[in-house]
Amino acid sequence: MSSLLRFSQLRKNIWNSCPARALTQHVGLSSGKVLDPRSYEKCHFTTRAQETASLDRTALASCVSGIQPFKFQQTSEYKQSGTILVFDTETTGYFNKDNRIVELALRDLSGGKNSTFETLINPEMKIRKIVSAVNNISTDLVCRPDVPRFSDVLPFLLAYVRSRQAPGKPVIWVAHKAKTFDAPFLAQEFDLCKAQMPEDWLFVDSHCLAMKLPKLPKTDEKIHLLNLGALSKRYGISVENPAHRAMQDVTTLCQVFQKITCDLKLTYKGLINEAMKASDFSKVLK
């Protein structure tokens, strides 16, 4: 199923659960500045958290082979873990103000129904062939009227994340190279929409966590490296589909991340201590 079709289905599910008019008051968006006036479809959203998409969180189960619902051991200080979203972005190039996101995927590690979000994104710019050769996302694939821009996706993304968020807990976003790539790109897209990422979003870079693992001797298989492919080999995780598409990388990282946290004996409190605030990435844009 294509990313565009998945987004369309998710949009319909959220739309059916969100008949009210605006998300702006709850998530801190500037009224009237979230959706581009050229948007291919007019959208309305709710102002109250309890009226955002109420997705079923009761039947927690493995979503794909190798990915189990993930919970840290409880402590007296942290009796309930917050929501952990593993995410990945594909873009038009390295991070700078001229590049844009072309695909976004995320998975809630608590599992259950509707635990993933995935969409192609129209960057409104050409994608260089050297980039397309890596992620198989071409200009023709995403620069079409029926592919949503980030401004179109943003309200649905906010509603979706809010629907997965544990009451009173932060949302922890995990990506490989989150610090230097995925999180700055996400912050930049919010900024272009005249919006700020919610203050209760935290970001963890799994590459930084991997740097704390015991070092392995150099081999021809290059499992001593810390990229996602090498870590997959280190942990015996098979990668069935091509890498460098957002959901495939998310699926791989979900398994790698759980192995890393186990090896590091990382608690929920420890993960919070490793996290960066959303505001840290807003500063990068100034």
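Where is the kink in H6 centred? The kink in helix H6 is centred on Pro 184 and amounts to about 30 degrees, the bend at a residue being the angle between axes fitted to the seven residues ending there and the seven starting there. The model is predicted, so that local features need pLDDT of at least 70 and side-chain atom pairs count only at pLDDT 80 or more, while totals for chains, interfaces and linings use all residues. Residues are numbered from 1 along each chain as its sequence is written, and side-chain values use heavy atoms, with hydrogens and water left out.

The protein contains 11 helices and six strands; these are DSSP runs numbered from the N terminus, with helices (H or I) of at least four residues and strands (E) of at least two. Of its 286 residues, 50% are buried, where buried means under 20% relative accessible area, exposed means over 50%, and partly exposed lies in between (1.4 Å probe, protein chains only). Among contacts between residues at least 6 apart in sequence, 73% join residues at least 24 apart; a contact means heavy atoms within 4.5 Å.

The six strands form an open sheet of mixed pairing, in the order E3-E2-E1-E4-E5-E6. Two strands count as paired if DSSP finds at least two bridges between them. Strands E3 and E6 (276-277) stand at the edges with a single partner strand each, so one side of each is left without a neighbour in the sheet. Strands of a sheet pair through backbone hydrogen bonds, in either a parallel or an antiparallel sense.

On one side of this order, E1 and E2 run antiparallel and are joined by seven bridges, with Leu 85 opposite Asp 108 in E2. E2 is also antiparallel to E3 (residues 116-120), through five bridges, and Ala 105 has Glu 118 in E3 as its bridge partner. Eight of the eight residues of E2 (residues 101-108) are buried, so this strand is largely enclosed by the rest of the structure. The loop between E2 and E3 holds Asn 114. Phi of Asn 114 is near 55 degrees, a positive value in a residue other than glycine, and Asn 114 is partly exposed, with a relative accessible area of 24%.

Elsewhere in the sheet, E4 (residues 171-175) and E5 pair in the parallel sense over five bridges, and Val 171 stands opposite Trp 201 in E5. E5 (residues 201-205) and E6 run antiparallel, joined by two bridges, with Leu 202 opposite Lys 277 in E6. In a regular strand the side chains alternate between the two faces of the sheet. In E5, Trp 201, Phe 203 and Asp 205 point one way and Leu 202 and Val 204 the other way, and all are buried. Since five of the five residues of E5 are buried, the strand is largely enclosed by the rest of the structure.

Buried residues of H6 include Asp 182, Pro 184, Phe 185 and Leu 186. Ala 183 also lies in helix H6 and, at 0% relative accessibility, counts as buried. Leaving aside neighbours within four places in sequence, Ala 183 is in contact with Phe 87, Ala 178, Met 197, Phe 203 and Phe 281. The C-alpha atoms of Ala 183 and Phe 203 are separated by 7.2 Å, although the two residues are 20 apart along the chain. Just after H6, Lys 194 takes a positive phi of about 60 degrees.

H6 also takes part in lining a pocket. Rolling a probe the size of a water molecule over the atoms shows where empty space is left. On a 1 Å grid over the protein atoms alone, with a 1.4 Å probe, a pocket is an open set of points with protein on both sides within 12 Å along at least five of seven lines, and lining residues have an atom within 4 Å of a point. The largest pocket has a volume of about 860 Å³, a volume being the space filled by probe spheres set on the points, which are joined across faces, edges and corners. Of its 30 lining residues, the closest to the centre are Glu 90, Val 134, Phe 181, His 244 and Asp 249. The elements that give two or more residues to this lining are E1 (83-91), H3 (129-135), H6 (178-192), H8 (228-234) and H9 (246-263), and E1 gives the most, with five residues. The lining divides into 12 nonpolar, 12 polar and six charged residues; Ala, Val, Leu, Ile, Met, Phe, Trp, Tyr, Cys and Pro count as nonpolar, Asp, Glu, Lys and Arg as charged, and the others, Gly among them, as polar.
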